[in-house]
Amino acid sequence: MAADWKLKCNSQWQLGAHGVPMSDSVDWKSVFKKKPFQRNLLQNPSPYGVKHTIPPPEPHRSGMPPPPNQPPQFEPIGSFSGWETSTEVLPYDTSGIPPGVVVCQLPRYSWFSLEQRVDLKSEGLWDQLLDEFQPEIVIEDWYEESQLHKSIYQLDVKLLGADGKTVIKQHTYNPEENPKSSSHTWKKVSHVFSKYGPGVRYIHFLHRLKKRSMFDQFFNTKVTDSSIIIKTSKAGVK
């Protein structure tokens with residue numbers, strides 16, 4: 001019976017043809033049912049309810065101004081199940097104001113962070129595969145060109161060891177935008193981890209999105225179609 005599940009896995013993903021180690025000690029029934037290859041391991045990849053194949057919604061005025069002496073709120077609108085979220089309200093930027101000039105209101109910016117940690121063994125992968133074969137790990141994300149600021153998006157992905165803390169490999173991306181650009185579209189971010197070494201057991205995925213509030217206007221930067229996909233190939237083997 002165990003051999004049948006092994007055959008099913010090999011037929012499903014052509015593991016042997018790609019050189020994937022197929023030890024009899026692996027629970028092939030569990031692997032087949034969890035289907036760890038060629039699928040998105042992130043939960044809720046589009047928390048704002050939009051897709052990159054459709055242009056992002058136009059920004060609009062929403063909400064009410066905060067009461068006097070109360071900082072503006074930076075609450076996102078979406079369904080964020082599966083994500084751990086946090087908000088960092090940033091200090092007012094007065095660097096561009098000449099001495100002696102009085103400004104009645106400045107925009108208030110914040111970072112809204114969404115993060116997940118993926119347990120690779122719980123998703124159906126096994127030690128020998130991760131340590132010896134080291135399949136390609138493909139990261140993809142799409143963020144809105146919101147034009148709120150020159151820095152509107154940051155990505156930080158870490159491959160972690162069995163303790164969930166040791167960083168084996170890391171990829172960060174912090175693009176600088178042109179706020180005066182007239183385009184309003186989705187921008188693709190991608191990265192492939194390969195030859196990352198033995199010991200990887202978790203993936204920590206974090207992206208940060210810039211938000212802005214001024215008077216009764218609240219704008220944010222959206223993301224969509226975030227993904228972590230394990231390939232059945234590795235660098236140099238297709």
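This is a short chat about a predicted model of one protein chain.

Biologist: What should I know about the model first?
Modeller: The model is predicted, so local features need pLDDT of at least 70 and side-chain atom pairs pLDDT 80 or more, while totals for chains, interfaces and linings use all residues. Residues are numbered from 1 along each chain as its sequence is written, and side-chain values use heavy atoms, without hydrogens and water.

Biologist: How many helices and strands are in the chain?
Modeller: Three helices and nine strands. Helices (H or I, at least four residues) and strands (E, at least two) are DSSP runs, numbered from the N terminus.

Biologist: In which order?
Modeller: Along the sequence, the pattern is α-α-β-β-α-β-β-β-β-β-β-β.

Biologist: What share of the residues is buried?
Modeller: 45% of the 238 residues. Buried means under 20% relative accessible area, exposed over 50%, and partly exposed in between (1.4 Å probe, protein chains only).

Biologist: Now Glu145. Where is glutamate 145?
Modeller: In the loop between β3 (137-144) and β4 (153-160).

Biologist: Buried or exposed?
Modeller: Glutamate 145 counts as buried because its relative accessibility is 6%.

Biologist: What does glutamate 145 touch?
Modeller: Leaving out residues up to four places away in sequence, glutamate 145 touches Ile152, Glu177, Ser181, Ser183, His184, Thr185 and Lys187. Contact means heavy atoms within 4.5 Å.

Biologist: Switching topic, where is lysine 29?
Modeller: Lysine 29 sits in helix α2 (residues 28-34).

Biologist: Why does lysine 29 count as partly exposed?
Modeller: Because its relative accessibility is 41%.
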